[in-house]
Amino acid sequence: MKKSTSSREHRNNHKSKNIAAGDVRIIGGQFKRRVVRFIDAEGLRPTPDRLRETLFSWLLPDIHGAYVLDSCAGSGVLGFEALSRGAAHTTFIEINPAQSNMLRQSAEQLHLSADTHQIIQGTAERVLMQEQIVPRPFNIVFIDPPYAQDLWQPILIALITQSLIDSETLIYLEADKDLESQLKQLEETLNKNPDIQSSAIQQIIRFECVKQTKVGQVVAGLYRLSSS
């Protein structure tokens with residue numbers, strides 16, 4: 001899902017009451033056909049139904065009772081979809097204040113209890129580095145920021161450095177370019193950086209592809225962190 005992540009992108013989107021908005025439907029689980037809303041902001045586009053259906057088919061054996069991170073939440077449809085399908089808790093991070101408020105409204109409209117979700121307004125990589133995020137590690141992480149910004153790389157570094165993921169965590173990545181070559185470059189960065197190594201895993205870090213698909217120009221994959 002492409003989402004609003006820079007202050008420049010949302011500088012005119014703080015007028016919370018009269019802001020233009022769209023909506024997207026949850027496609028499975030207890031909230032099936034319920035609508036969550038999102039603001040009309042550059043870079044904010046929910047993951048299409050077809051790709052979302054594929055993703056949650058992949059996650060079917062692992063979603064029940066999972067602790068989930070929606071790291072660039074946007075509409076929050078991935079995180080809400082996870083809760084709809086049996087996840088125990090979702091942490092939403094969204095930089096845009098107006099969209100963060102809309103996430104709270106969606107949670108209220110779905111009658112979610114406070115112990116099932118957390119909504120944090122801020123830049124994902126900074127929030128993950130600075131705040132005491134609980135629970136840890138996450139079972140499932142969604143990383144799908146605006147494609148052009150490649151923010152999933154610093155987000156992954158923050159998750160590893162802060163021990164918020166481990167070898168059992170399923171990591172969903174979505175981009176408009178080949179993920180494998182970029183992950184290889186990130187592996188090199190991680191394995192050459194002593195600060196990251198000392199904070200995270202004292203071994204060689206690799207990303208294992210569990211599932212991958214392509215829909216149009218969008219490349220999406222499910223990965224695990226492995227070390228040897």
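Colleague: Where does histidine 111 lie?

Modeller: Histidine 111 sits in the loop between helix H3 (97-109) and strand S5 (117-121). Helices (H or I, at least four residues) and strands (E, at least two) are DSSP runs, numbered from the N terminus. Bear in mind that this is a predicted model: local features need pLDDT of at least 70, side-chain atom pairs count only at pLDDT 80 or more, and totals for chains, interfaces and linings use all residues. Residues are numbered from 1 along each chain as its sequence is written, and side-chain values use heavy atoms, with hydrogens and water left out.

Colleague: Why is histidine 111 called exposed?

Modeller: Its relative accessible area is 69%, and exposed means over 50% (buried is under 20%, partly exposed is in between; 1.4 Å probe, protein chains only). So histidine 111 counts as exposed.

Colleague: What is the phi of histidine 111?

Modeller: It's near 60 degrees, a positive value in a residue other than glycine. Most residues other than glycine have a negative phi. Arginine 33 also has a positive phi, of about 75 degrees. That arginine is in the loop between strand S1 (21-25) and strand S2 (35-39), and with a relative accessible area of 57% arginine 33 is exposed.

Colleague: On to the helices. What makes H5 and H6 oblique to each other?

Modeller: The axes of H5 (residues 152-161) and H6 (residues 179-192) cross at roughly 45 degrees and come within 11 Å. Axes are lines fitted to C-alpha atoms, for helices over the stretch in contact, with angles from 0 to 180 degrees between N-to-C directions. Under 35 degrees is roughly parallel, over 145 roughly antiparallel, 65 to 115 roughly perpendicular, and the rest oblique. H5 and H6 are therefore oblique.

Colleague: Which residues of H5 and H6 make the contact?

Modeller: From H5 it's Trp152, Gln153, Leu156, Ile157 and Ile160, and from H6 it's Leu179, Gln182, Leu183, Leu186 and Leu190. Contact means heavy atoms within 4.5 Å.

Colleague: How do you know that H5 is largely enclosed by the rest of the structure?

Modeller: Because 8 of the 10 residues of H5 are buried. Among them are Trp152, Ile155 and Thr161. Another is leucine 156, buried with a relative accessible area of 0%. Leaving aside its neighbours within four places in sequence, leucine 156 has contacts including Ile143, Ile171, Leu183 and Phe207.

Colleague: Why is the pair of phenylalanine 142 and tyrosine 172 called edge-to-face?

Modeller: The search of the whole structure gave 3 aromatic pairs. In this one the centres are 6.3 Å apart and the planes make 80 degrees. Rings of Phe, Tyr and Trp (its six-membered ring) pair if their centres lie within 6.5 Å, and planes over 60 degrees apart are edge-to-face, under 30 stacked, the rest tilted.

Colleague: What does the pair tie together?

Modeller: Phenylalanine 142 lies in strand S6 (residues 140-143) and tyrosine 172 in strand S7 (residues 170-175), so parts 30 residues apart in sequence are tied together. Phenylalanine 142 is buried at 0% relative accessible area, and tyrosine 172 is buried at 0% too. Both rings also belong to one aromatic cluster with Phe56.
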